[in-house]
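Q: Please take a close look at one part of this model, a helix pair and the sheet beside it. What is there, and how is it arranged?

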Amino acid sequence: MMFAVEEINQNSTLLPGVKLGYRILDNCASSYWAQQVALSLVGGDTHSSVGQPVPLLIGTASSTTTIVLSRVLGPLSVPLISHMASCPCLSDRLNFPNVFRTIPSDIYQARAMARLAIRFRWTWMGAVIVNKDYGRLAIQAFQEETQEKGVCLEFIETLLKETIVSDARRVALTIQASTARVILIFCWYTEIKKVFLELAKINVTDRQFLASEAWSTSDDLLHDLDISKVARGVLGVAIRSSTIPGFENYLRGLHPMRRPDDEFLREFWEKEFGCSLGAAQSHAATLFPAKRSSQKGSLPLCSGTESLERVKNRFTDISQLRMSYNVYLAVYAAAHALHNLLSCPDRESSPGNNSFSCSSPKDIKPIELLQHLNKLNFTTPQGEMFYFQGADIPAKYDLVNWQNTPDGSLKLVLIGRVDGFDLHLNESAIQWSTGYNQVPTSVCSESCPPGSRKANRKGEPLCCFDCIQCAEGEISNTTDSLHCELCPHEFWSNAERTACIPRQLDFLSFNETLGITLTTAAVSGAAVTTAVFVVFLYYRQTPMVRANNSELSFLLLLSLKLCFLCSLVFIGRPSVWSCRFQQAAFGISFVLCVSCLLVKTVVVLAVFRSARPGAGALISWFGPGQQRGSVCLFTSIQVIICATWLSLSPPVPQRDLGFQGSTVTLECAMASVVGFSLVLGYIGLLACTSLFLAFLARKLPDNFNEAKLITFSMLIFCAVWIAFVPAYVSSPGKYVVAVEIFAILASSYGLLLCIFAPKCFIILFRPEKNTKKHLMAR
């Protein structure tokens, strides 16, 4: 960070005329202390040489601490750029609007590892994760990426720092007992080191490990000879590395005498060279009192000739700058955002003309810096395009391989890169755990439980097979069944598809919604018919009721009521007698109704024909007695048809097995289609005759011509029953009964409303028209 700041300050094009400063405070790996030091930085510290508030923070390495700092600094709109906080939760701009980071989200490394598993056809794997969000979210993302690709996890074991000894032993035994040859690990290097030591004790050296970035580049593991046999061949995803020109010379040129205020350098120097810096340590003791007091009298004074030029350790090794490069990018991101803020074009113009607000070096507001970070886009000194996607940067990783060295330790070898969704891998450079160049095989074959069958995946050799549940109506009662068996016709499969059970009987009942609706409609129709009957009975002496034979009107109302009520016989569990009675009641009721209409139509014609000269005997010949006799004759014919049909080949209750499903329909089967056709045909013959005669009488000159009402009612009647035939034939199961009931109710309501509604309206609401003079007016 210090190198990047000094490099930027020496750059004449980036922030010209402006010098960057910084303050470094230790959070002591504690979220509590992180809050304290962050607030002191943002609020300013009068005890420091640089006391003004800082507009931006870089850090911390912990996702948990970053979340805490974001919630503390969010209301102040202070930007926070982390170089190591990789929790996927930080991508949520709604909850963390001020967080940026120069490390990709863990989601992307999990997806990269998933693509490696898919590429090498590792379909049977084990997983070891740290029991924190880092491990849980990573394994969730891995499973989501591979769930459609045939990758299975044999086990998911968890590790916790507080119980690492017992956890490591348990995980090692699980790996030893498993059949998976590839183990996926999302842990910290300290936890996985314990697992490797346990595996070394029980001599498990034939597993291929897939490492996350948290431990894939750990020097402690690479140089530990006790675990080299277990860990050889590790394939891992690592934070991308990059070179920083001039950084090595900068590191080796560091000296405490030239940086007297650098507490971190002074501590490192005394530890590296084993000497004391003398009087200079008094200032350092204020920062590390316990450690300094114990070393003060035991260390010799430094000679002043000490130098980092020939020192070789992980602090001076810049061959693979990973976390350091993330810090480098974070500083440059802050500098470019500040540069954009301070170099707004046409500062005197209206603010509305600019996309962002502008500021001056002496008055930099954090929210202004935050705005520019959200739209940041620049080229790094290495020539790489850099920009934020929300809180994140594009996913870029290195792919590394742990390979043997002559001295028995392991070395880190770069074998590929991950760039967004692209995976670039040099497979020939990989050294596998087996010691050969051949990719290890890790496949599975779990047993399929009863109720399912095996289904091999086409085109994928040596991969897991799927267990497919048997289809409805099929069962398998053995493990690893290759086929599912069909149930017999009167049986169906249970929910588990393990046994065939008898189908449930299904019929139109009074308890279901459809049955209740139809019952309500039938009872309502009967009630309305009764009400009309009462009205006609009360006004039976009025011309409207007496016209055209009131006796036929009452008989028609009675037949309509029977039509409504006969529909109720179709609802309920079919039995021998209900199947017979429902068709007889239907046929006879409707014939009685249509016969009354036919006779009424004939009466209308006879009355007006008798008005002609020489035709007076016509009405006397077709008097009330003949009218009643005609109704009885027409109805008797239907009674004979029904009696013959029901005695020779009546409908019987029968189970309809043709409809597939867990239910079987109990219905009244027509043993003789001819009988049912004769019943319907006879009703149709009477209806058509009545329609024809009513049509002829529709233009007779009375002011109230009942023939018009009969014509319209019979049109509705015929239309309903013509539509009934195709609907009846095509309806499945119990809906056949519902269609017939609907036709009965529709035609009954049509007759009732068309014939009696106008009469009731005149009787009840227009009594002045209920006179013989008005009715006979032409």
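A: The answer below goes from the model to the helix pair and then to the sheet.

This is a predicted model, in which local features need pLDDT of at least 70 and side-chain atom pairs count only at pLDDT 80 or more, while totals for chains, interfaces and linings use all residues. Residues are numbered from 1 along each chain as its sequence is written, and side-chain values use heavy atoms, with hydrogens and water left out.

The protein chain has an average pLDDT (the predictor's confidence in each residue, from 0 to 100) of 84, and 88% of the residues score at least 70. Over residues 280-296 the pLDDT stays under 50.

Helices (H or I, at least four residues) and strands (E, at least two) are DSSP runs, numbered from the N terminus. Helix H4 spans residues 106-119 and helix H5 residues 133-146; they pack at an angle of about 45°, with their axes 8 Å apart. Axes are lines fitted to C-alpha atoms, for helices over the stretch in contact, and angles run from 0 to 180 degrees between N-to-C directions. H4 and H5 are therefore oblique to each other (under 35 degrees counts as roughly parallel, over 145 as roughly antiparallel, 65 to 115 as roughly perpendicular and the rest as oblique). The crossing of H4 with H5 is right-handed (the near helix is turned clockwise from the far one by less than a right angle).

In the contact (heavy atoms within 4.5 Å), H4 contributes residues including Ile 107, Met 113 and Ile 118, and H5 contributes residues including Leu 137, Ala 141 and Phe 142. The residues of this contact comprise 11 nonpolar, 2 polar and 4 charged (Ala, Val, Leu, Ile, Met, Phe, Trp, Tyr, Cys and Pro count as nonpolar, Asp, Glu, Lys and Arg as charged, and the others, Gly among them, as polar).

The sheet is open, with 8 strands in the order E5-E4-E6-E7-E8-E11-E12-E13 and mixed pairing; two strands pair if DSSP finds at least two bridges between them. Its edge strands are E5 (152-159) and E13 (422-425), each pairing on one side only. From one strand to the next, the twist averages 25°. Strands E6 (residues 182-186) and E7 (residues 208-211) run parallel and are joined by 4 bridges. Within this pair, Ile 183 stands opposite Phe 209 in E7. H5 also packs on the sheet, where it touches E4 (124-130), E5 and E6, and its direction makes about 155° with that of E4.
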